[in-house]
Amino acid sequence: MMKIKIINPVPDLDAAVVDGMRTYLSASLDPGTEIEFEPVAKGFRSIETEAQGVINGGEILRLVVKAQSEDCDGIFINCFDDPALLGARELSQKPVLGPYSASVLFASMLSERIGIITTDDYGLSCEARKARHYQFEERIAAVEKVDMTVLDLREGDLIERLTACCQRLEEQRIYAVILGCTGMNFAADQLRTALKKARCQVQVVEPLQTGVKALELLVKMGYTNSIHSTAVRMEDYVE
């Protein structure tokens with residue numbers, strides 16, 4: 001039996017949304033893998049800026065430290081911006097993943113040129129910043145936007161906008177496209193159906209599923225990604 005703790009980095013996420021993510025993930029995880037969601041206690045309702053990531057990131061780290069004494073084998077931070085991920089790896093003896101790098105590396109196995117679909121104009125800037133930080137600039141050929149905020153994704157014509165983005169990316173010879181927000185997970189299967197109907201050859205990489213599955217494999221193979229750069233005492237952070 002394996003248990004993965006999924007940290008939702010925003011508070012007050014609707015119970016139906018969390019149940020939907022649980023059902024969605026269970027279909028791709030091994031039968032012996034259990035997932036447990038825990039939200040941060042306070043913070044912004046979405047993470048779309050650096051400031052939001054820093055402020056909510058402190059709450060994420062509290063849960064990472066708390067998880068060290070809990071019955072879980074790995075920790076997943078459920079946001080495509082990977083908020084507080086490096087700090088979490090410094091504090092955790094258990095493996096910690098976010099969706100961003102796992103999805104980019106996976107998509108790179110599907111296509112030499114990959115794309116990302118983000119939320120809005122500032123999302124374009126954030127994606128460029130992350131690509132530089134992770135040295136993924138040569139892998140990511142283009143980034144499109146749906147012109148919606150994270151909190152608006154479940155409203156309106158998201159599938160139509162995602163489909164149009166994928167078609168534009170295909171015109172640039174990009175055949176693997178990552179959804180640039182784990183909040184888009186509910187749309188992944190509908191999008192694949194729409195692309196098939198439109199005869200678009202783009203393969204969709206959904207980062208929530210991809211990241212959690214990568215963490216499951218990492219745990220199963222006995223790896224960890226803890227950062228041991230300094231003599232950090234966990235007790236100092238708990239206090």
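In this predicted model, strand 5 and strand 7 (residues 176–179) pair in the parallel sense over 4 bridges, where pairing requires that DSSP finds at least two bridges between two strands. Strands are DSSP runs of E with at least two residues and helices are runs of H or I with at least four, both numbered from the N terminus. Residues are numbered from 1 along each chain as its sequence is written. Local features need pLDDT of at least 70 and side-chain atom pairs count only at pLDDT 80 or more, while totals for chains, interfaces and linings use all residues, and side-chain values use heavy atoms, with hydrogens and water left out.

**Strand pairing**
- Isoleucine 114 has alanine 176 as its bridge partner in strand 7.
- Strand 6 (residues 140–145) runs parallel to strand 5 and is joined to it by 5 bridges, with glutamate 144 as the bridge partner of isoleucine 117.

**Aspartate 120**
- Aspartate 120 lies in the loop between strand 5 (114–118) and helix 5 (121–134).
- Beyond residues up to four places away in sequence, aspartate 120 touches Glu48, Lys145, Asp147, Met148 and Thr149, contact meaning heavy atoms within 4.5 Å.
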